[in-house]
Amino acid sequence: MTAARPPRVVLVDDHGLFRSGVRAELGRQVEVVGEADDVQPAIEAIEATSPDVVLLDVHLPSGGGQAVVQAVKATRPQVRFLALSASDAPEDVIAVIRAGARGYVTKTISTADLADAIRRVAAGDAVFSHRLAGFVLDAFAATPAPGEVKPSFDPELDQLTGREREVLRLIAQGYTYKEIARELYISAKTVESHVSSVLRKLQLSTRHQLTRWAAERRLA
Amino acid sequence: MRQTERWRHDPVPPRWHRGPPWLRRGSGGPLRRDPADRLAGGVAAGVAAWRGVSVTAVRVVFAVLAVVTWGLGVAVYVAAWLLIPAAGADGSIAGKARSDARGIRLAAGLGSLLIVVLLSLGALGDGWFVGWAWPQVFSVAGLVLIWRNAPADERATLRRLVEPLEQAAGSPAGSAAGEGTRAGRRGPALRIAVACVLLVAGAGLLFSRHESLALLRPLGGAVLVIAGIVVLLGPWWLRIARDLVLERQARVRAEERADIAARIHDSVLQTLALIQRRADDPHKVVQLARMQERELRSWLFEGRAPHQADADMTLAAGVRQIQQDVEASYGVPVEAVTVGDCQLDESLDALLAAAREATVNAAKWSGADAVSLFAEVEPAEVSVVVRDRGRGFDPEAVPADRKGLAESVHGRMARRGGTAAVSTAPGEGTKVTLTMPRAGTSSRADTASRA
């Protein structure tokens, strides 16, 4: 990404220490235009600054991060969300992705990777951490229990293509997009389009009632 | 040190009084009422914990006994409540009442006062009233003793039981009180009035001597009396039921909190203390933090207690085990992702052993700052990919003594019908792909049951 200017970012996290840490680490790689520590302040900050990317904590004091995504989506469709969380509880991740976030990374991500993820989300790509890739593979691999096969709006959305599965597997193994492109003999742009397509399916599919799947997986 | 002190004085209820679940089946300890899990006095819960049977079963038996013995069971229950000490308390209510000299004096005083009143009433010639009221003397004296010696929370329950009497007594006076509360008081006053009318009408029917009502009398009278009682006491019953539910929820929450506090203390606080002591060794600090993170994560999001023994280990648990062990031994982060899950069998044990070898190799030799460990359960096969971005090696140039490792991975897989593929080159990192066919279709497809 050779963006002319660094992406404008709003940080939403209830830990001030974490916000200042991220702000200091990212330094000049992004332009932090606002910070917020809860759902309502976040919505106000986003409305006021209209950033490129919102770095959104999945857990906020007055509810999940998906509330922010849902509130802003209608008025500011161009704002993109990158979910960030300390937990890997599948239901949290799936909920915020289904609300419309363009990607998900854990808080243990390295600074360079985080800056890269922000740039990619700003450019319209989807960013999957290796764990999210694992969740998605799991959710789409699971065959529905007999008796709960619901007719879906679009059967296309209900499964991943072989190529998408391949890409997700490599992401889960820690490959970067560039490495995946080399491994599969395709262009990095194609890798990105596969991931975006998976994201779309994740957001639109009714298969297995993903959210419920995620909640149950936690108990397993 | 201050930390430990504060901890000890934390108002967390002692956890031992219920014990861990595996101990609660037939505790073998002394019989104790369990106030933490009570509907009335906690006798049933106590018996259940003592004999190691289901609380619900004991409650049903108690209820049936109370009905078939015409209420004698209730008296036995009350006696049990008085005689069996509550768990965590130092004596039974009856035992405490015996040694409560002030209480006994108070009870004797109240009793004798009542006797004086009754004797004077008797002198006025109302024999029936006196005959009916004599037992009350003993009841009042007994209640005073019970009241003084019951634990605080049971006292609150007793107080709730006599509440409607207070309310009924207080309402005439209350309706005369300030204008502001008038509307609020009208409801209960109206209810009591309606109930009184119903009760009087019911009693009238029951005791009426009118011949034409002879057939209707028992039925209609009883219905009216019951309706009166329901109108009078219904809302209060509802409130008691609701309060009981709320109280139980509060108790459960308190217990959960105590449980979490104990866990955090055992794990996070200990690790933080260790980290403070090792602050000069960044490598060790990172390792401790990662271990703690993983432990906390598996407890919070997978409901597994730290170091919980896995009787029926699954593939995902095995992968997690490899991750923990390698991180602990070599200090290299292992990024593990598992897709699907299934029970282990012999060939999958071999797969995990090979995966462990490969992961240890990557952590030991590659020099990479992280190893990725990916496992996927598919209907026909299970595959594991161990990958690092380290220095890699030239497979042809590996010395003979080190080739043995690769052989052990290869050999292990091959013996069970699996395959192992190593792709590496100097400077390119290493990728070990292990594939094992799944034994038969009978093996449990956990992914399917989860969908």
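With 27% relative accessibility, B:Phe62 counts as partly exposed, since buried would require under 20% and exposed over 50%. The model is a predicted one. In a search across the whole structure, one aromatic pair turns up over all chains. This pair is formed by B:Phe62 and B:Tyr77 in an edge-to-face arrangement, with 5.9 Å centre to centre and 85 degrees between the planes. Distant parts of the chain are linked in this way: B:Phe62 belongs to helix H4 (residues 55-68) of chain B and B:Tyr77 to helix H5 (residues 72-83) of chain B, 15 residues apart.

Rings also meet charged side chains. The charged end of A:Lys107 is placed over the ring of A:Phe18, 4.4 Å from its centre. B:Arg387 lies over the face of A:Tyr175, with 3.5 Å to the ring centre.

Neighbours within four places in sequence aside, A:Phe128 is in contact with several residues, among them A:Tyr104, A:Ala133, A:Val136, A:Leu168 and A:Ile171. A:Ser129 is found in the loop between strand E8 (127-128) and H6 of chain A. This serine, A:Ser129, counts as buried because its relative accessibility is 11%, below the 20% cut-off. With neighbours within four places in sequence again set aside, A:Ser129 is in contact with A:Tyr104, A:Val105 and A:Ile171.

How values were computed
Residues are numbered from 1 along each chain as its sequence is written. Chains are lettered from A and ligands numbered from 1 in the order in which they are written. This is a predicted model: local features need pLDDT of at least 70, side-chain atom pairs count only at pLDDT 80 or more; totals for chains, interfaces and linings use all residues. Side-chain values use heavy atoms; hydrogens and water are left out. Contact means heavy atoms within 4.5 Å. Helices (H or I, at least four residues) and strands (E, at least two) are DSSP runs, numbered from the N terminus. Buried means under 20% relative accessible area, exposed over 50%, partly exposed in between (1.4 Å probe, protein chains only). Rings of Phe, Tyr and Trp (its six-membered ring) pair if their centres lie within 6.5 Å; planes under 30 degrees apart count as stacked, over 60 as edge-to-face and the rest as tilted. A charge sits over a ring if NZ of Lys or CZ of Arg is within 6 Å of the ring centre and within 35 degrees of the ring normal.
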